[in-house]
Amino acid sequence: ALLDTRPKLLAGCRIIVTSGPTHEPIDPVRYIANRSSGKQGHAIAAALARLGADVRLVSGPVNIADPAGVATVHVETAAEMKDAVEQLLPADAAVFVAAVADWRTAGTAGEKIKKVAGEGPPALRMIENPDILAGVGHHRQRPGLVVGFAAETQDLIRNAEAKLKKKGADFIVANDVSHESGVGPTGVMGGDRNKVRIVSKSGVEEWPEMTKDEVAARLAALIAERLKTIVV
Ligand code: CTP
Ligand code: CA
């Protein structure tokens with residue numbers, strides 16, 4: 001194998017990454033999900049590991065392999081993802097890439113829900129899931145660097161800035177998921193390319209469209225740069 005001769009800028013740094021969707025059960029055979037592929041989150045975990053970080057990936061259900069050199073914990077629901085993340089604290093940095101389901105059903109039926117003649121479809125009562133990023137952003141063991149993502153179909157920057165503040169993040173990686181840039185094999189959710197803006201207190205940096213692997217490498221470099229200034 002070829003030797004990776006790049007400097008291990010993140011050696012000794014412990015970094016938590018979340019990736020993929022979450023699945024919220026309705027009954028033993030049904031669940032609510034979203035179209036996140038996990039590609040961007042897994043690529044970020046891999047890129048951080050290539051820089052020598054001790055990466056702990058918490059992944060929802062995805063159809064891609066665990067990244068090389070990354071300790072991966074597999075979860076299904078938002079509640080499980082939150083528990084897994086909090087178990088992994090303290091950390092030097094945390095990157096929240098997962099498309100966490102915003103709501104779960106108020107209760108999971110113990111048996112498969114049956115059609116009942118004349119009754120019509122069941123009403124699903126939904127309750128809000130905990131915000132994992134906000135929990136860590138305001139945690140007493142808050143990592144020195146907290147990075148979130150924002151998937152928006154409108155008012156990208158304004159919404160990303162609001163999330164930055166509310167969730168206690170240092171950076172929000174803002175993603176336009178509207179229309180053709182949105183969902184499907186060529187879109188942000190499911191595809192291999194991404195176009196992001198990095199929103200922080202110091203302003204907005206627009207990155208050109210590139211592959212998710214390139215976004216990951218560039219974000220890993222930015223994280224390494226930032227952690228260096230925090231440590232010394
Ligand atoms: N996030 C999280 N836990 C949640 C919801 C979101 O950790 N329950 C994280 C995501 O991983 C992402 C960021 O928060 O890093 C923003 O997610 P997003 O869905 O864009 O924001 P929400 O706060 O859920 O707002 P909305 O979906 O209404 O835009
Ligand atoms: Ca959401």
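Predicted model: local features only at pLDDT ≥ 70, side-chain atom pairs only at ≥ 80, totals over all residues.
By class, the residues around ligand 1 comprise nine nonpolar, four charged and one polar.

**Shell around ligand 1**

- The shell consists of 14 residues, and the closest of them are Phe 96, Ala 98, Pro 130, Lys 163 and Lys 167.
- Three elements each supply at least two shell residues: helix H3 (132–137), strand E9 (145–152) and helix H4 (156–167).
- Strand E9 gives the most, with four residues.

- At Asp 102, the contact involves the side chain: one of its N or O atoms is 2.9 Å from an oxygen atom of ligand 1.
- At Ile 132, a backbone N or O atom lies 3.0 Å from a nitrogen atom of the ligand.
- Ligand 1 taken alone exposes 570 Å², of which the protein buries 78%.

**Backbone exceptions in loops**

- Most peptide bonds are trans, and most residues other than glycine have a negative phi.
- The bond joining Leu 89 and Pro 90 is a cis peptide bond, with omega at about 0°.
- Pro 90 belongs to the loop between helix H2 (78–88) and strand E6 (93–96).
- Asp 155 has a positive phi, near 45°, although the residue is not glycine.
- The loop that holds Asp 155 runs between E9 and H4, and both of these elements supply residues to the shell around ligand 1.

- Strand E2 (residues 24–27) pairs with strand E3 (residues 30–32) in the antiparallel sense, over three bridges.
- Asp 27 has Arg 30 in E3 as its bridge partner.

**Hairpin E12–E13**

- Strand E12 (residues 196–200) and strand E13 (residues 203–206) are also antiparallel, and their pairing extends over four bridges.
- The hairpin from E12 to E13 passes through two residues.
- Arg 197 is bridged to Glu 206, its partner in E13.

How values were computed:
Residues numbered from 1 in each chain as written. Chains lettered and ligands numbered in written order. Heavy atoms only, no water. Pairing = 2+ DSSP bridges. Near = heavy atom within 4 Å. Polar contact = N/O pair within 3.5 Å; in protein donor to acceptor, adjacent residues only side chain to side chain. Areas by Shrake-Rupley, 256 points an atom, 1.4 Å probe, with all protein chains shown as cover. Nonpolar A, V, L, I, M, F, W, Y, C, P; charged D, E, K, R; others polar.
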